[in-house]
Amino acid sequence: MSAVSGLVPGRPIGSVPSLLPCTVCCTESQFQDGFADIRLFRCPSCKHCFTDFSSLEEEEQYGPEYFQEVHKNWFEHPDLRLFEQIYGMIVGNRPGASVLDIGCGKGNLLRYLRRRDPELQLAGIDVAANDSGDGIEFLHGDFLTWKFDRKFDAVVSLQVIEHMTDPRIFAQRASELCREGSLVIVSTVNEQSLVYDIGRLAARFLGSKHIYERLYSRHHLNHFNISSLRRLFEGTGMKVKKHFRHEVPIAAMDIPAPNKPAELILRAGVWGCFALGDLTGRTMYQTIVCLK
Ligand SMILES: [Zn+2]
């Protein structure tokens with residue numbers, strides 16, 4: 001890991017936080033923009049964008065309403081195409097693998113893997129509780145501090161790392177929980193996507209900040225680009241085996257809007273962005289597969 005001694009990622013340097021160490025590579029990063037209590041910084045080296053979490057007046061909460069209301073669509077419309085890809089990679093690397101899903105939410109991926117393959121040994125951990133059953137062990141707690149009694153053949157985490165204050169610790173811990181020859185599969189947002197482009201352009205040239213403020217809200221603290229995600233995992237000593245860009249089912253998108261017609265317009269816009277994103281490679285999501 002390329003740490004600069006004395007710098008703590010995401011924490012202010014000195015009393016005025018106009019400079020912060022990059023949460024990926026620790027390079028000193030300049031304040032770039034802000035709104036409300038969100039202060040965004042961009043790394044001059046890896047171009048990673050991150051939020052100064054010390055400026056947040058409140059942090060995102062992950063209680064039942066997060067799953068049942070705020071991200072209702074996301075959890076009701078899982079990305080089965082990605083799930084099937086992940087299944088293929090896990091059993092292709094090690095049949096009958098033990099799998100840990102970090103931030104497993106309601107356990108959609110684990111339940112899919114169970115239906116797909118009764119031989120897999122499945123565990124998930126989340127700050128929200130789930131009932132264990134059907135051969136899936138659900139752990140209730142914080143992945144970073146949980147005392148695991150074993151290592152795994154595959155560690156998977158979908159759309160979680162962007163919520164972390166220190167993604168370097170997250171990546172290191174994911175690597176430590178793997179046996180040699182095991183896989184770490186992590187999916188997150190892609191800041192080099194059409195949706196982000198449009199959000200930034202609309203805010204800058206049209207004065208319309210709805211999409212921009214939604215994308216850069218407190219919900220996500222780290223906005224990975226293709227190279228910053230790769231750099232983060234290469235920094236753990238793991239080998240990047242595969243790195244691909246993709247979208248998610250449109251139905252999975254939770255789009256806050258003042259009324260139904262506005263929501264339909266926004267949803268059509270997202271559909272257009274996703275279709276163009278697939279064509280141009282500027283997709284909203286990216287997934288990296290690393291071999292320990
Ligand atoms: Zn950086």
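**Sheets, zinc site and burial**

Modeller: Seven strands form an open sheet with mixed pairing, in the order 7-6-5-8-9-12-11. The model is predicted, so local features need pLDDT of at least 70 and side-chain atom pairs count only at pLDDT 80 or more, while totals for chains, interfaces and linings use all residues. Residues are numbered from 1 along each chain as its sequence is written, and side-chain values use heavy atoms, with hydrogens and water left out.

Colleague: Why are strand 7 and strand 11 said to stand at the edges?

Modeller: Strand 7 (136-140) and strand 11 (239-246) each have a single partner strand, so one side of each lacks a neighbour in the sheet. Strands here are DSSP runs of E with at least two residues, and helices are runs of H or I with at least four, numbered from the N terminus.

Colleague: How do you know that strand 5 and strand 8 pair?

Modeller: Two strands pair if DSSP finds at least two bridges between them. Strand 5 (residues 98-102) and strand 8 (residues 152-158) are joined by three bridges and run parallel, and therefore they meet the criterion of at least two. Valine 99 stands opposite alanine 154 in strand 8. Six bridges join strand 8 to strand 9, again in parallel, and valine 156 has isoleucine 185 in strand 9 as its bridge partner.

Colleague: What makes strand 9 largely enclosed by the rest of the structure?

Modeller: Nine of its 12 residues are buried, so strand 9 is largely enclosed. Buried means under 20% relative accessible area, exposed means over 50%, and partly exposed lies in between (1.4 Å probe, protein chains only).

Colleague: Why is the site of the zinc ion called tetrahedral?

Modeller: The zinc ion is coordinated by Cys22 (SG), Cys25 (SG), Cys43 (SG) and Cys46 (SG) at 2.2 to 2.4 Å. Donors are N, O and S atoms within 2.8 Å of the metal (3.2 Å for Na, K and Ca); water is not among the atoms, so sites may look incomplete. Four donors count as tetrahedral if all angles lie between 85 and 135 degrees. The angles at this site are 97 to 123°, and therefore it qualifies as tetrahedral. In sequence, the donor residues are spaced C-x2-C-x17-C-x2-C.

Colleague: Are cysteine 25 and cysteine 46 buried or exposed?

Modeller: Cysteine 25 is buried, at 4% relative accessible area, and cysteine 46 is buried as well, at 3%.

Colleague: What makes strand 1 and strand 10 the edge strands of the five-stranded sheet?

Modeller: This open sheet has the order 1-2-3-4-10 with antiparallel pairing, and strand 1 and strand 10 (222-223) each pair on one side only. Strand 4 and strand 10 run antiparallel and are joined by two bridges; phenylalanine 50 stands opposite asparagine 222 in strand 10.

Colleague: Why is threonine 51 called buried?

Modeller: Threonine 51, in strand 4, has a relative accessible area of 2% and is therefore buried. Beyond its neighbours within four places in sequence, its contacts (heavy atoms within 4.5 Å) include Leu56, His220 and His223.

Notes:
Tetrahedral: all angles 85-135°; square planar, octahedral: opposite > 155°, others 65-115°.
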